[in-house]
Amino acid sequence: MKLSQFKFNLPESLVANNPAEQRDEARLMVLHKDSGKIEHKIFKDVLGYFDDKDVMILNNTKVFPARLYGNKEKTGATIEVFLLRELNKELRLWDVLVDPARKIRVGNKLYFGDNDLLVAEVVDNTTSRGRTIRFLFEGTDEEFRKNVEILGETPLPKYIKRKATPEDKERYQTIFAKHEGAVAAPTAGLHFSRELMKRLELKGIEFAEVTLHVGLGTFRTVEVEDLTKHKMDSEQFIIEQKDADIVNKALEEKRRVCAVGTTSMRSIESAVSANRTLKAANDWTSKFIFPPYEFSIANSMITNFHTPESTLLMMVSAFGGYENVMNAYEVAVKEKYKFYSYGDAMLII
């Protein structure tokens with residue numbers, strides 16, 4: 001397929017700048033992939049589409065406060081440093097993006113916070129905006145993390161046109177987040193409230209967890225018309241044996257298996273065994289899913305509404321059927337559904 005086939009007109013007013021007042025009260029569009037039928041619901045109505053022994057696969061990655069603001073030595077210029085991933089815990093080496101990049105060179109020192117709570121030195125250029133930096137910090141890892149927590153800001157995506165607030169610290173995080181390492185939230189999971197999880201549990205729905213640390217590659221724009229030429233960034237994912245067992249039992253019993261979010265879907269599709277069951281894994285994936293594609297594990301999916309020409313929209317189209325999904329998106333725009341991280345949700349069954 002071609003990039004231009006995933007274009008649609010998205011008015012800026014439909015990009016959500018704030019979350020729904022209650023997590024489970026965002027709008028929910030239900031798309032039936034066999035018929036293309038569409039229903040309009042509220043997210044907590046998801047309960048009505050699942051039964052005893054069905055399984056939902058959740059991504060339990062935890063977002064850390066990855067956006068820091070510091071000052072460059074000598075000039076005092078304000079620099080934004082976006083922490084992407086830790087390369088070496090002992091040496092405190094990090095892969096980062098810097099802005100404005102042209103001012104940041106190897107050897108520069110950067111100072112963060114009052115009394116220079118953290119100091120870092122630029123040790124390498126990786127891409128036009130990418131750098132490797134080393135934090136010059138003598139304390140324990142726990143103390144270092146605490147300082148990052150104090151100085152860091154919730155890494156809201158750039159298209160959210162406002163500053164992060166204390167509320168974002170809680171709302172840009174799923175209630176089942178456990179393992180720190182993501183620089184963006186697995187947003188389909190943001191709609192689950194504690195009450196809804198409890199009600200799903202009481203109905204007999206089981207939960208399997210995977211961990212995929214969402215990187216900025218998720219948002220990287222596709223710049224080639226021929227999709228086979230696009231390369232995804234690698235992201236680390238982990239699937240424990242006990243969670244694979246829960247999923248495989250549901251598959252064996254022909255239950256509904258629902259991937260909550262594109263990150264859960266990428267994880268499970270990156271760990272399919274020869275007999276098309278889910279296997280335990282601790283690996284990196286750069287899997288790019290676009291139509292046509294045959295899915296092996298999940299037979300339903302919860303996802304947010306994604307932006308035009310995004311890899312996320314391509315995956316959803318592969319799962320729900322290209323015509324179905326592009327038609328559903330047309331309806332979503334007409335019905336003024338909210339798009340992207342803090343936006344509304346879609347259930348594809």
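This is a predicted model: local features need pLDDT of at least 70, side-chain atom pairs count only at pLDDT 80 or more; totals for chains, interfaces and linings use all residues.
A residue counts as buried when its relative accessible area is under 20%.

**Two residues in a loop**

Thr154 is placed in the loop between helix H1 (141-151) and helix H2 (166-171). Its relative accessibility is 12%, so Thr154 counts as buried. Pro155 lies in the loop between H1 and H2 as well. With a relative accessible area of 3%, Pro155 is therefore also buried.

The table sets out the values for these two residues.

| Residue | Relative accessible area | Class |
|---|---|---|
| Thr154 | 12% | buried |
| Pro155 | 3% | buried |

Which residues surround Thr154, once its neighbours within four places in sequence are left aside? Thr154 is then in contact with Arg67, Ala164, Asp168, Lys169 and Tyr172. For Pro155, with neighbours within four places in sequence again left aside, the contacts are Val63, Phe64, Pro65, Ala66, Arg67, Phe82, Tyr172 and Val183.

The domain assignment divides the protein chain into domain 1, which comprises 3-63 + 170-348, and domain 2, which comprises 67-153. Between the C-alpha centres of domain 1 and domain 2 there is a distance of 32 Å.

How many residues of each domain take part in the contact between domain 1 and domain 2? On the side of domain 1 there are 5 residues, in contact with 6 residues of domain 2. Together the two domains bury about 410 Å² between them, and 63% of this area is on carbon and sulfur atoms. Within domain 1, the residues that lose the most area to domain 2 are Glu180, Val183 and Leu216, which together account for 78% of what that side buries.

**Interactions across the interface**

Across the interface of domain 1 and domain 2, 1 salt bridge is found. A salt bridge joins the side chains of Glu180 and Arg145, with a distance of 3.7 Å from N to O. The side of domain 1 that touches domain 2 consists of 3 nonpolar residues, 1 polar residue and 1 charged residue.

Key. Residues are numbered from 1 along each chain as its sequence is written. Side-chain values use heavy atoms; hydrogens and water are left out. Domain bounds come from an automatic or database domain assignment. Contact means heavy atoms within 4.5 Å. Buried area is the accessible area (1.4 Å probe) that two parts lose on being put together, summed over both. A salt bridge is a side-chain nitrogen of Lys or Arg within 4 Å of a carboxyl oxygen of Asp or Glu. Ala, Val, Leu, Ile, Met, Phe, Trp, Tyr, Cys and Pro count as nonpolar, Asp, Glu, Lys and Arg as charged, and the others, Gly among them, as polar. Helices (H or I, at least four residues) and strands (E, at least two) are DSSP runs, numbered from the N terminus. Buried means under 20% relative accessible area, exposed over 50%, partly exposed in between (1.4 Å probe, protein chains only).
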